[in-house]
Amino acid sequence: MESSAPPDPEEEMKKDVVKYFSFQPKRDSASDVRNALLVVAALVATVTFDKGTDVPGTIENNTAKMVFVVANTIAFSASVSVIEFLTQGFPLKRETQISLFSVCFAYGAGVGTHVKGNRELVLLYGSIIAPLLISKLSNYLKK
């Protein structure tokens with residue numbers, strides 16, 4: 001009776017690197033996936049917060065600067081939404097939500113110093129709120 005040896009990870013990776021690094025329910029636990037997503041979301045939030053509050057000085061064109069700020073803000077807000085979603089049911093939930101709200105407020109205040117005019121401010125705050133509202137709306141519609 002022959003026993004089947006487990007597949008060699010290096011050989012599996014050589015066959016199809018995308019499949020090897022993709023989520024595989026038989027191999028990857030839900031908590032491992034959640035932890036990986038939390039790390040990615042935290043890194044995105046960190047980088048976008050830094051660049052949002054300190055817009056690169058090399059952007060002279062106001063339109064280009066606004067495109068950068070809006071795209072950066074959407075990435076920041078979406079990553080904060082992912083963090084909030086993935087930490088549901090964790091201990092200290094209220095404190096986590098307060099800290100996420102505070103970071104969003106600080107981001108808006110920091111980015112607001114780079115924005116001139118009411119139209120740009122509406123666009124900025126709309127791009128902060130949109131991913132959060134979409135997240136809340138999808139949760140509401142699931143119920």
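**A salt bridge and a helix pair**

Lys51 is partly exposed, since its relative accessible area is 34%. Bear in mind that this is a predicted model. What does the side chain of Lys51 meet in a salt bridge? The partner is Asp50, at 3.9 Å from N to O. The cut-off for a salt bridge is 4 Å, so this pair falls within it. Asp50 is partly exposed too, with a relative accessible area of 42%. By this rule the count comes to 1 salt bridge.

Next, the helices. Helix α3 covers residues 30–53 and helix α5 covers residues 93–112. Their axes come within 8 Å and cross at roughly 30°. Angles under 35 degrees count as roughly parallel, and α3 and α5 are therefore roughly parallel to each other.

Which residues make the contact? On the α3 side they are Thr48, Phe49, Gly52 and Thr53. On the α5 side they are Val103, Ala106, Tyr107, Gly110 and Val111. Sorted by type, the residues of this contact come to 5 nonpolar, 4 polar and no charged.

Now α5 by itself. It has 20 residues, which at 1.5 Å a residue should span 28 Å. The end C-alpha atoms of α5 are 28 Å apart, so the two values agree.

Last, burial. The buried residues of α5 are Lys93, Leu100, Cys104, Tyr107, Gly108, Gly110 and Val111.

Methods: Residues are numbered from 1 along each chain as its sequence is written. This is a predicted model: local features need pLDDT of at least 70, side-chain atom pairs count only at pLDDT 80 or more; totals for chains, interfaces and linings use all residues. Side-chain values use heavy atoms; hydrogens and water are left out. Axes are lines fitted to C-alpha atoms, for helices over the stretch in contact, and angles run from 0 to 180 degrees between N-to-C directions. Helices (H or I, at least four residues) and strands (E, at least two) are DSSP runs, numbered from the N terminus. Angles under 35 degrees count as roughly parallel, over 145 as roughly antiparallel, 65 to 115 as roughly perpendicular and the rest as oblique. Contact means heavy atoms within 4.5 Å. Ala, Val, Leu, Ile, Met, Phe, Trp, Tyr, Cys and Pro count as nonpolar, Asp, Glu, Lys and Arg as charged, and the others, Gly among them, as polar. The expected span of a helix is 1.5 Å times one less than its number of residues. Buried means under 20% relative accessible area, exposed over 50%, partly exposed in between (1.4 Å probe, protein chains only).
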